Amino acid sequence: MPSHQDWMRTALAEADIASGLGEVPVGSVIVARDGQELARAHNLRESLSDPTAHAEVLAIRRACERLRSWRLDGATLYVTLEPCPMCAGALVQGRIAKVVYGCDDPKAGALFSLFSLGQDPRLNHRFEVTRGVSASECAERLSSFFGRLRAIGKK
């Protein structure tokens, strides 16, 4: 059975694809309760001109399409960066069981840094959160990407 680090490597490979497209390097993968991969995705906001085209949302859509259900009961989402409020809300709505993420997002993180949406007792669903898996590799992808953008005078 693959480990958290193994699945995070898959998410990092997706992040590398995003970076190659000029997208913020965030990748994700959703794994079913039985350990089978359901879906993977990377950020496509720039490519699709869609503010909702985050890696997590795209992976959720693909997994739900594959299962022919909006319920991701028992599934785990692996993602390189702590999900934002939009993605955390989608994870609650999709009934994900667990989220494993790489690095914290102090500007927009909604599972630990700014909010704890996955654990909020006021919501109708909660999920387990594991943070910091391969955090340095995940953070390095982001730092390198934004460093390159600054070097060429963008953003």
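## Helix packing and the open sheet

In this predicted model, the axes of helix 3 (55-67) and helix 4 (residues 85-93) come within 9 Å and cross at roughly 25°, where axes are lines fitted to C-alpha atoms, for helices over the stretch in contact, and angles run from 0 to 180 degrees between N-to-C directions. Helix 3 and helix 4 are therefore roughly parallel to each other, a term used for angles under 35 degrees. Glu 56, Val 57 and Ile 60 of helix 3 meet Met 86, Cys 87, Ala 90 and Leu 91 of helix 4, contact being heavy atoms within 4.5 Å.

Local features need pLDDT of at least 70 and side-chain atom pairs count only at pLDDT 80 or more, whereas totals for chains, interfaces and linings use all residues. Residues are numbered from 1 along each chain as its sequence is written, and side-chain values use heavy atoms, with hydrogens and water left out.

From helix 1, Met 8, Leu 12, Asp 16 and Ser 19 take part, and from helix 5, Glu 137, Cys 138, Arg 141, Phe 145 and Arg 148.

| Helix pair | Axes come within | Crossing angle |
|---|---|---|
| Helix 3 and helix 4 | 9 Å | roughly 25° |

Five strands form an open sheet of mixed pairing in the order 2-1-3-4-5; helices (H or I, at least four residues) and strands (E, at least two) are DSSP runs, numbered from the N terminus, and two strands pair if DSSP finds at least two bridges between them. Strand 2 (37-42) and strand 5 (128-131) stand at the edges with a single partner strand each, so one side of each is left without a neighbour in the sheet. Strand 1 (residues 27-31) and strand 3 (residues 76-81) run antiparallel and are joined by four bridges, with Ile 30 opposite Leu 77 in strand 3. Helix 5 lies across strand 3 and strand 4 (98-103), running at about 60° to strand 4.

Pro 51 is found in the loop between helix 2 (45-48) and helix 3. At 60% relative accessibility, Pro 51 counts as exposed, which is defined as over 50% relative accessible area (1.4 Å probe, protein chains only). Not counting residues up to four places away in sequence, Pro 51 touches Arg 45 and Met 86.

Methods:
Buried < 20%, exposed > 50% of the residue type's maximum accessible area, 1.4 Å probe, protein only. Parallel < 35°, antiparallel > 145°, perpendicular 65-115°, else oblique.
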